[in-house]
Amino acid sequence: MILTGLHLLWSYKCTYECDHCFVWGSPWQEGTFALRQLDEILRQGRELGTVEWICFEGGEPFLYYATLLRGIQRAKEEGFKTGIVTNTYWAIEEADALETLRPFAGLVDDFSISADLYHGDEVQTTQVQTARAAAEKLRIPVRIITIAQPETEDTTEAIGQIPPGESGVMFRGRAAENLVERAGRKPWDSFTECPHEDLRDPGRIHIDPLGNVHICQGISLGNLFHTPLGTICDTYDPDSHPVIGPILDGGPAELVRRYGLPHAESYADACHLCYEARRDLRSRFPQILTPDQMYGVPEDE
Ligand code: SF4
């Protein structure tokens, strides 16, 4: 497995609690990166020798402004390209947005704004427009990420990354609970492949503050605070992996068949079936189908 991008879930905390969120981000979620952990990840990323991008996502990374800024500076000092994804809650007026973004000018190579009807009453709220204008003024490369409403047919084509423009909902995480009623359904056994992730050779992975290395949110290949990322990459065998193997063999439908899981007759999409199946398998594969945050389990359960 050769990685070119490390996407850090800088915090599970978010100002919003969006219905489509893969990672169950909310003001009540726990788990945020410390700089000490970032140093360790940058060291491991550098050792791989193939990593080009370090991206800071969430949750909402601007909630931890000082460490986000320092993280971007350190990643840049190490020679990586850097990205940030934000909901722009901080862009109150133009002067605020400019002051917030000014320290990032010249340091950020991809500044992505989440803007859709999950984040506000209109697709591009005043805050989104204000943040975008400030980024453009500071010559920070900016783009907009928009997720369609659940009634829209899935328009996501790109593998492993939400592309600029409008993309369809993937019914995993909170979307698998809050949005599926509004979506069409297809028979469970029609989901014979993973349509969104390159599970054999992912190219980029997500890392959370607990150290989990996610090939898809909630499927951990290991914990880089216990096993070096280089070892996780070198020993990754997709076909013999107990969760990835069946999905590669025949999609989420095969995961259900392989483990004899209960299922409904129809699901909103492949991710919906996959997410439900994985939830049923968590007690069997607790080190892989983790952490609780990715499955919407409250801290005290
Ligand atoms: S089908 Fe499963 S592994 Fe593939 S993107 Fe959806 S949730 Fe992730």
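**Close-up views of a predicted model**

**View 1. The stretch to treat with care.** Among the elements of the protein chain, strand S6 (residues 165-167) has the lowest mean pLDDT, 53, while helix H7 (residues 244-258) has the highest, 98. Helices (H or I, at least four residues) and strands (E, at least two) are DSSP runs, numbered from the N terminus. This is a predicted model, in which local features need pLDDT of at least 70 and side-chain atom pairs count only at pLDDT 80 or more, while totals for chains, interfaces and linings use all residues. Residue numbers start from 1 along each chain as its sequence is written.

**View 2. The whole chain, for orientation.** The protein chain has 8 helices and 11 strands. Its mean pLDDT is 90, and 89% of its residues reach 70 or more. Of the 301 residues in the protein chain, 43% are buried; that label takes 20 or more other C-beta atoms within 10 Å of a residue's own, with exposed meaning 12 or fewer and partly exposed anything in between, and C-beta atoms placed from the backbone. Take the contacts in the protein chain with a separation of 6 or more: 70% of them come from residues 24 or more positions apart.

**View 3. Strand S1 and its two partners.** S1 (residues 5-9) is mostly covered, with 5 of its 5 residues buried. Gly 5, His 7 and Leu 9 sit on one side and Leu 6 and Leu 8 on the other, and both faces are covered. S1 runs parallel to strand S2 (residues 53-57), joined by 5 bridges; two strands count as paired if DSSP finds at least two bridges between them. Look for Gly 5 and you'll find its bridge partner in S2, Trp 53. Between S1 and S2 the chain passes through helix H1 (residues 35-48), making a right-handed β-α-β crossover. Right-handed here means that, with the strands pointing away from the viewer, the path from the first strand over the helix to the second runs clockwise. S1 also pairs with strand S8 (residues 204-207), again in the parallel sense, over 4 bridges.

**View 4. From His 7 to His 206 to His 214.** His 206, in S8, is the bridge partner of His 7. His 206 also stands opposite His 214 in S9. S9 (residues 212-216) runs antiparallel to S8, and 2 bridges join them. S8 and S9 make a hairpin with 4 residues between them, and Gly 211 in the turn has a positive phi of about 100°.

**View 5. Tyr 12 and its contacts.** Tyr 12 lies in the loop between S1 and H1. Tyr 12 counts as buried because it has 23 C-beta neighbours inside 10 Å. Leaving aside neighbours within four places in sequence, its contacts include Val 23, Gly 25, Gly 59 and Gln 293. Phe 33 is 21 residues away from Tyr 12 in sequence, and their C-alpha atoms are 9.3 Å apart.

View 6. Most residues other than glycine have a negative phi, and most peptide bonds are trans. Trp 24, not a glycine, has a positive phi of about 55°. Trp 24 is in the loop between S1 and H1, and it is buried, with 25 other C-beta atoms within 10 Å. Thr 88 has a positive phi too, near 65°, and lies in the loop between strand S3 (81-86) and helix H3 (94-101). As for peptide bonds, Gly 58 and Gly 59 are joined by a cis one, with omega about 5°. The bond from Thr 290 to Pro 291 is also cis, with omega near 0°; Pro 291 lies in the segment after H8.

Key:
pLDDT is the predictor's confidence in each residue, from 0 to 100. Two residues are in contact if their C-beta atoms, placed from the backbone, lie within 7 Å.
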